[in-house]
Amino acid sequence: MTRLNNKISKYNFFKGHPSPYLLPTKEVLEAANTSFQKVIDNPFFYNDVDDRHPLTYGTDPGNLEVRSAIAKWNDRNFKLTTPTNPDSINLTGGASYGIMNILTQTTSPHNNYTKQAFLVTPTYFLINGAFIDAGFGGKLTGVEEFSNGDIDLEFLESKIKYFNSLDTSTDEEKLAKLSIIKDTTRVEKKIYQYVLYIIPNFSNPKGGILSDHCKTELVNLARKYDMLIIADDVYDILDYSKPYNETPNYHKKLVYVDRETMKDPENDYGNTISNGTFSKLIGPGLRVGWQESVNPRLANILAAGGAHRSGGSPSQANTVIVGELLQSGSLDKIISNLRKVYSERAKTLVESVKEFLPQGTKISGGGGGYFFWITLPKGYDCRKVCEECDMRGVVLANGDHFEVIGDSRNWGDSSVRISISVLNNDEIKNGVKIWGEVCKELYP
């Protein structure tokens, strides 16, 4: 149970982390023992330029052994015919810290070289803070996600043209802006004029999937206007389209679309970064993630930040443990179990919504990931319903939480986000039943 505002919450649909009993504690312990036993048996097991001892400073991009394991794992899962270059991957301290580093290394809103940040709306409710901390306060624009999972590209391009029209800087002035962030002791940065944040596959909060056509058009738009797309690829592997013991046909990452269609793959930086994490697959406490660029050029920039140069790759020891889970095959078994449990919960939620909530309630999501977007019929005050549910121990994440700061779309009028990551099947059904009872009582 969760205590919220001095009340006991028995059914919390807000939390977006795994149920404690789903965390693979035993497997992580075994992987840690194996990893450290290697250096106990041979203190110089990790003792070269590319791979370091788990307890020493990591290399700037992270141990090559781990990056290679991630590359091979992704190649297999996404059925890539051309092997991924491990040097296109850098290790991070999780998706959130990864985004902070991306914004630090590739954008410059303070001097208006990077003119605007776009966030798909409704958006992941905690991402606003990362952009504001990076200097984008007052520079955030929402781009709506449609009911089919695509986004409003026409609106996006119109806003880019608008912000371009406001910039009267000469080429010399633009170069002067860039000069203040150059550091000749490190690699020269690539700074983008625009940045877009998106969760293309099983989005948070709507659970939508960007179509292949929209992905291609979005990459083309990014190239046209010097825009970086940060794809938060944190739910891709949690796909429920096939039985848990079969590998799904995973939806293509934007970085693969970018890589496959580049005109000058050797010299271009690309316009996409896949921001991945093991938080949703192993456990958020490990704080291990990775980023994949189209080629090593942009990955080198991400690994050359001041903090990386000073302390090496973050979460060095834990990345080695994750590498062991990958190479031993344990991670695949962990994911198989998650897909089994979550797919059953997703089915339970859909059935419960249809049974207990008002006729005409709309459901978005369910194909994978953690989240559903539930929209009540017209005439229902969603905020009022959420408040009453809260009083009865059912916590719903009202749509107001998922606004882009400074560009509200009134999502809280009728919609809520539901997470299936914490509650079990019985808890989901009971919680939705109470939710339905509240709707009937308030709107008989």
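**Figure 1. A cluster of aromatic rings in the predicted model.** Ring pairs join Phe-14, Tyr-124, Phe-125, Trp-373, Phe-402 and Trp-411 into a cluster. The structure shown here and in the following figures is a predicted model. Across the whole structure, a search finds 21 aromatic pairs.

**Figure 2. The aromatic pair of Phe-131 and Tyr-197.** The rings of Phe-131 and Tyr-197 are arranged edge-to-face, with 6.2 Å from centre to centre and 70 degrees between the planes. Phe-131 belongs to helix α4 and Tyr-197 to strand β7, so the pair ties together parts that are 66 residues apart in sequence. Phe-131 is buried, at 0% relative accessibility. Tyr-197 is also buried, with a relative accessible area of 2%.

**Figure 3. Charged side chains over aromatic rings: Lys-190 with Tyr-192, and Arg-409 with Phe-155.** Lys-190 is placed over the face of Tyr-192, 4.7 Å from the ring centre. Arg-409 lies over the face of Phe-155, and here the distance to the ring centre is 5.7 Å.

**Figure 4. The salt bridge between Arg-309 and Asp-60.** The structure as a whole holds 19 salt bridges. In this one, the side chains of Arg-309 and Asp-60 meet at 2.9 Å, N to O. The pair links distant parts of the chain, 249 residues apart: Arg-309 lies in helix α10 (residues 306-311), and Asp-60 in the loop between α1 (25-41) and α2. Arg-309 counts as partly exposed, at 41% relative accessibility. Asp-60 is likewise partly exposed, at 22%.

**Figure 5. The salt bridge between Asp-332 and Arg-76.** The side chains of Asp-332 and Arg-76 meet at 3.0 Å, N to O. Asp-332 is part of helix α12 (residues 330-356) and Arg-76 is part of helix α2, so this pair ties together parts that are 256 residues apart in sequence. Asp-332 is partly exposed, at 28% relative accessibility, and Arg-76 is partly exposed at 45%.

**Figure 6. The buried salt bridge of Lys-253 and Asp-236.** The closest N and O atoms of Lys-253 and Asp-236 are 3.9 Å apart. Lys-253 and Asp-236 both lie in the loop between β8 (227-232) and α8, 17 residues apart. Both residues are buried. Elsewhere, salt bridges that share partners join Glu-144, Asp-407 and Arg-409 into one network.

**Figure 7. The largest cavity and its lining.** The structure holds 5 cavities of 30 Å³ or more, and the largest cavity contains about 60 Å³ of space. Lys-253 and Asp-236 are among the residues that line the largest cavity. The lining also includes Trp-73, Asn-74, Phe-78, Tyr-235 and Trp-290. By class, the lining residues of this cavity are 7 nonpolar, 2 polar and 3 charged.

**Figure 8. The largest pocket.** This pocket has a volume of about 470 Å³. Its lining comprises 26 residues, of which Gly-16, Ser-96, Tyr-124, Tyr-235 and Lys-280 lie nearest the centre. Helix α3 (residues 95-106) supplies the largest share of the lining, 3 residues. The lining divides into 15 nonpolar, 6 polar and 5 charged residues.

**Figure 9. The second largest pocket.** The volume of this pocket is about 300 Å³. Of the 16 residues that line the second largest pocket, Thr-82, Pro-83, Thr-84, Arg-259 and Val-294 lie nearest its centre. Helix α8 (residues 254-260) gives the largest share of the lining, 3 residues. The lining holds 7 nonpolar, 6 polar and 3 charged residues.

Figure 10. Most peptide bonds are trans. Pro-122 sits in the loop between β5 (116-121) and α4 (127-136). Pro-205 is found in the loop between β7 (194-198) and α7 (212-224).

**Figure 11. Positive phi values at Lys-79 and Arg-287.** Most residues other than glycine have a negative phi. Lys-79 has a positive phi, near 55 degrees, and lies in the loop between α2 (64-77) and β4 (89-92). Lys-79 is exposed, with a relative accessible area of 51%. Arg-287 also has a positive phi, near 55 degrees, and is located in the loop between β9 (272-277) and β10 (289-292). Arg-287 is partly exposed, with a relative accessible area of 28%.

Terms used. Residues are numbered from 1 along each chain as its sequence is written. This is a predicted model: local features need pLDDT of at least 70, side-chain atom pairs count only at pLDDT 80 or more; totals for chains, interfaces and linings use all residues. Side-chain values use heavy atoms; hydrogens and water are left out. Helices (H or I, at least four residues) and strands (E, at least two) are DSSP runs, numbered from the N terminus. Buried means under 20% relative accessible area, exposed over 50%, partly exposed in between (1.4 Å probe, protein chains only). On a 1 Å grid over the protein atoms alone, a cavity is a set of points where a 1.4 Å probe fits but cannot get out, and a pocket is an open set with protein on both sides within 12 Å along at least five of seven lines; lining residues have an atom within 4 Å of a point. Grid points are joined across faces, edges and corners, and a volume is the space filled by probe spheres set on the points. Ala, Val, Leu, Ile, Met, Phe, Trp, Tyr, Cys and Pro count as nonpolar, Asp, Glu, Lys and Arg as charged, and the others, Gly among them, as polar. Rings of Phe, Tyr and Trp (its six-membered ring) pair if their centres lie within 6.5 Å; planes under 30 degrees apart count as stacked, over 60 as edge-to-face and the rest as tilted. A charge sits over a ring if NZ of Lys or CZ of Arg is within 6 Å of the ring centre and within 35 degrees of the ring normal. A salt bridge is a side-chain nitrogen of Lys or Arg within 4 Å of a carboxyl oxygen of Asp or Glu.
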